[in-house]
Amino acid sequence: MDSRVNDTPPGTTTTTVPRKTRSRLLGTIIAIAALLALGWLVWHLTRPKPEGGPGAGGGPGGPGGRGAPATTVGVGMAERIDLPVTLEAIGTVTSAATVTVRPQVSGVFREILFTEGQLVKAGQVMAVIDPSQFEMALMQASGQRQRDEAQLENAKLTLQRYRTLLAQDSIARQEVDTQAALVRQLEGTVLADRAAEGTAKLNLGYSKVVAPISGRVGLRSVDVGNVIGPNDANGIAVITQVSPIDVQFAIPQDRVPEVQEGLRQAGAMQVSALDRTRATVLGEGRFRALDNQVDTQTGTVRAKARFDNQDGALFPSQFVNVKMMLRTIPGAVAVPVNALRNSSSGAYVYVLNPQERTVSQRKVQRGQATADRVQIVSGLEAGERVITEGADRLKDGDKVSLPGERPGAGGGGGRRQGERRRGAGGAGGANNAPATEGAAPAAAPEGARPAAPASQPPTGAAPAAPATPR
């Protein structure tokens with residue numbers, strides 16, 4: 001068994017600190033040191049820099065100082081123009097009339113006289129049904145009529161003879177009355193025969209299927225050789241009227257009074273139909289009708305405009321962008337849309353002071369707006385210049401420069417300072433001063449190899465003797 005030697009002198013009291021207490025004390029010291037270091041770092045980063053020092057915000061070239069470079073901005077002009085007030089919506093092209101062409105008599109489909117997608121006129125023959133049965137029916141009705149007419153003529157002659165005999169008192173009056181009734185009966189029969197003959201003529205004419213309206217024919221629904229009739233659901237084809245054509249769109253209920261006022265003042269308002277990119281005008285038309293109730297689900301009122309569509313640019317069920325002219329505001333002060341800015345206190349613009357090349361923030365009241373211009377009701381006069389680009393980097397009183405102008409002195413100072421810094425770094429660091437003409441070169445450190453000269457010595461000058469290391 002090993003024995004340990006106690007080196008503690010006699011009479012000395014030994015105090016043992018628990019290991020857990022030492023660890024807690026050490027952690028507390030480290031945490032305090034970390035907090036102190038963090039506080040010093042925050043103070044160092046947030047303390048104000050001395051003016052003119054490197055990295056100082058107020059020095060030349062520093063942003064926000066007196067020598068800061070002027071912000072380059074775009075400028076627009078407040079102009080007095082006649083500002084159009086328009087209403088824009090998404091519309092659907094709808095045909096003014098759509099008809100499913102069906103035959104009015106039953107029969108065998110014998111001939112097609114149209115092509116799919118063709119433009120047809122009202123009354124144009126499109127198809128032919130076998131007319132044989134209708135021709136026979138017409139002949140039968142004509143024969144029946146002629147027979148009954150002959151009987152009627154004979155009855156009339158007999159009645160005339162009976163009346164002559166009655167005048168001579170040679171025949172009973174009863175026979176005369178009976179013959180007169182027969183004549184009236186045959187007249188009714190002949191009238192019915194004529195109606196039957198007319199029906200047969202109509203059925204024969206219906207064997208030629210004609211277009212009921214003018215428009216574009218769709219795809220054919222039946223082939224030659226099939227038996228077709230008036231009860232066929234698909235018919236022969238569908239004709240859609242494309243000229244004129246309508247566009248249906250929805251108007252917000254808040255703008256309905258403006259539309260009604262425009263109808264009272266200007267009558268038929270002009271409506272333009274544009275493609276989905278709003279770059280191409282597909283047609284010009286007139287406002288036609290406004291619905292009589294508000295859709296409770298969307299809060300809009302349906303409206304309709306009519307277009308001539310002579311070139312066929314509008315196609316049924318096509319989605320278009322609708323732009324309707326409501327009225328024109330004469331002599332309105334307007335600025336570009338991107339010049340108007342908004343804040344919690346209202347709308348404002350930056351006005352350029354041309355002499356000082358500074359900007360002033362001015363509150364304005366906006367009015368109607370178009371795609372690229374907005375009306376200024378108050379706060380701005382025509383002829384004043386406003387900032388349209390770069391306003392996000394401005395505040396009231398900032399200096400600005402216009403495109404193509406020479407920047408201010410602040411910007412040049414910053415560039416010169418940067419060039420001096422780059423030159424100093426290339427010469428050997430921040431502690432080495434830039435070399436000047438006639439100055440003695442710095443002594444080389446002991447034991448170091450001399451650096452090569454930056455340039456060749458002038459002609460005829462003795463080269464400098466290299467330093468001899470000790």
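## Briefing on a predicted single-chain model

Q241 is placed in the loop between β11 (237-240) and β12. The structure is a predicted model, and its chain holds five helices and 23 strands.

**The chain as a whole**

- Of the 470 residues in the chain, 29% are buried.
- The chain has an accessible surface of about 31,300 Å², and carbon and sulfur atoms account for 52% of that surface.
- When contacts between residues at least 6 apart in sequence are considered, 75% of them join residues at least 24 apart.

**Aromatic pairs**

- A pair of aromatic rings is described by how far apart the centres are and by the angle of the planes.
- The count of aromatic pairs comes to two.
- In one of them, the ring centres of F249 and F287 are 6.4 Å apart and the planes stand at 65 degrees, so this pair is edge-to-face; the label applies to angles over 60 degrees.
- F249 belongs to strand β12 (residues 245-252) and F287 to strand β14 (residues 281-290), so the pair ties together parts that lie 38 residues apart in sequence.
- F249 is buried, its relative accessible area being 4%, and F287 is likewise buried, at 6%.
- The rings of Y348 and Y350 have centres 5.7 Å apart and planes at 90 degrees, so this pair too is edge-to-face.
- Y348 and Y350 are both buried.

- L38, W40, L41, V42, W43 and L45 make a nonpolar surface patch of about 670 Å².
- One of these residues, L41, lies in helix α1, which covers residues 19-46.
- L41 counts as partly exposed because its relative accessibility is 40%, a value between the limits of 20% for buried and 50% for exposed.

Key:
Residues are numbered from 1 along each chain as its sequence is written. This is a predicted model: local features need pLDDT of at least 70, side-chain atom pairs count only at pLDDT 80 or more; totals for chains, interfaces and linings use all residues. Side-chain values use heavy atoms; hydrogens and water are left out. Patches are made of residues with over 30% relative accessible area and no salt bridge: like charges are joined within 9 Å, nonpolar side chains (Val, Leu, Ile, Met, Phe, Trp, Tyr) within 5 Å. Accessible areas come from the Shrake-Rupley method with a 1.4 Å probe; for residues, only the protein chains shown count as cover. A salt bridge is a side-chain nitrogen of Lys or Arg within 4 Å of a carboxyl oxygen of Asp or Glu. Helices (H or I, at least four residues) and strands (E, at least two) are DSSP runs, numbered from the N terminus. Buried means under 20% relative accessible area, exposed over 50%, partly exposed in between (1.4 Å probe, protein chains only). Rings of Phe, Tyr and Trp (its six-membered ring) pair if their centres lie within 6.5 Å; planes under 30 degrees apart count as stacked, over 60 as edge-to-face and the rest as tilted. Contact means heavy atoms within 4.5 Å.
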